[in-house]
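Take a look at the structure below.

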Amino acid sequence: MKLSAVSGVVKGKRVVMVDDSIVRGTTSRRIVQLLKEAGATEVHVAIGSPALAYPCFYGIDIQTRQDLIAANHTVEETRQIIGADSMTYLSIDGLIESIGIETDAPNGGLCVAYFDGDYPTPLYDYEEDYR
């Protein structure tokens, strides 16, 4: 019951679903399905982060690329898997610009390794496994 769509709100409408991220794709697929079952004529998905394509070794419980839909599928393939009519991610540059930290540090001082695979510290024993 955590996820639901109100038919009276979406029936006959083109809907844009905005989410902060897409990790495995299972929740997005379910939400798109619920919106279409409730009568949405189209469901477009906008993800408010770049595609999560690399594991996190700094605290988020994502250990391998196999767990990440964006690591294994193109945007078009992901769109098809989740059943959306269109799908887009925020670019890395868009993320950095939107946060707006004034610094000369690379990537605005942000760690973007989960998006581009360029880790700011050596991975040592993880190095071979994550790619």
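Which residues of the largest nonpolar core touch the most other members? They are Ile22, Leu35, Val45 and Met87, out of 26 residues in that core. Keep in mind that this is a predicted model.

## The cores

E1, H2, E2, helix H3 (69-72) and E3 each supply at least two residues. There is also a second, separate core of 6 residues. Among its members are Leu52, Leu95, Val112 and Tyr114.

Now look at Val45. Leaving out residues up to four places away in sequence, Val45 touches Met17, Val32, Ile82, Ala84, Ser86, Met87 and Thr88.

## The sheet

Three strands form an open sheet in the order E1-E2-E3, with parallel pairing. E1 and E3 stand at the edges, and each has a single partner strand, so one side of each is left without a neighbour in the sheet. On average, neighbouring strands are turned by 15 degrees against each other, direction ignored.

Next, the pairings. Strand E1 (residues 14-19) pairs with strand E2 (residues 42-47) in the parallel sense, over 6 bridges. Within this pair, Val15 stands opposite Val43 in E2, and Met17 stands opposite Val45 in E2. E2 also pairs in the parallel sense with strand E3 (residues 86-89), over 4 bridges. Here His44 has Ser86 in E3 as its bridge partner.

H2 lies across E1 and E2 and runs at about 155 degrees to E1. Helix H4 (residues 75-82) packs on the sheet too, touching E2 and E3. The direction of H4 makes about 130 degrees with that of E3.

## A closer look at Ser28

Ser28 lies in helix H2 (residues 26-37). Is Ser28 buried or exposed? Its relative accessibility is 2%, so Ser28 counts as buried; the cut-off for buried is under 20%.

What does Ser28 touch, not counting residues up to four places away in sequence? Its contacts are Met17, Asp19, Ile22 and Ile82. Two of these names have come up before in this report. Ile22 is one of the core residues that touch the most other members, and Met17 is the residue opposite Val45 in E2.

Methods
Residues are numbered from 1 along each chain as its sequence is written. This is a predicted model: local features need pLDDT of at least 70, side-chain atom pairs count only at pLDDT 80 or more; totals for chains, interfaces and linings use all residues. Side-chain values use heavy atoms; hydrogens and water are left out. Buried means under 20% relative accessible area, exposed over 50%, partly exposed in between (1.4 Å probe, protein chains only). Contact means heavy atoms within 4.5 Å. Two strands pair if DSSP finds at least two bridges between them. A nonpolar core is a set of buried Ala, Val, Leu, Ile, Met, Phe, Trp, Tyr and Cys residues joined through side-chain atoms within 4.5 Å. Axes are lines fitted to C-alpha atoms, for helices over the stretch in contact, and angles run from 0 to 180 degrees between N-to-C directions.
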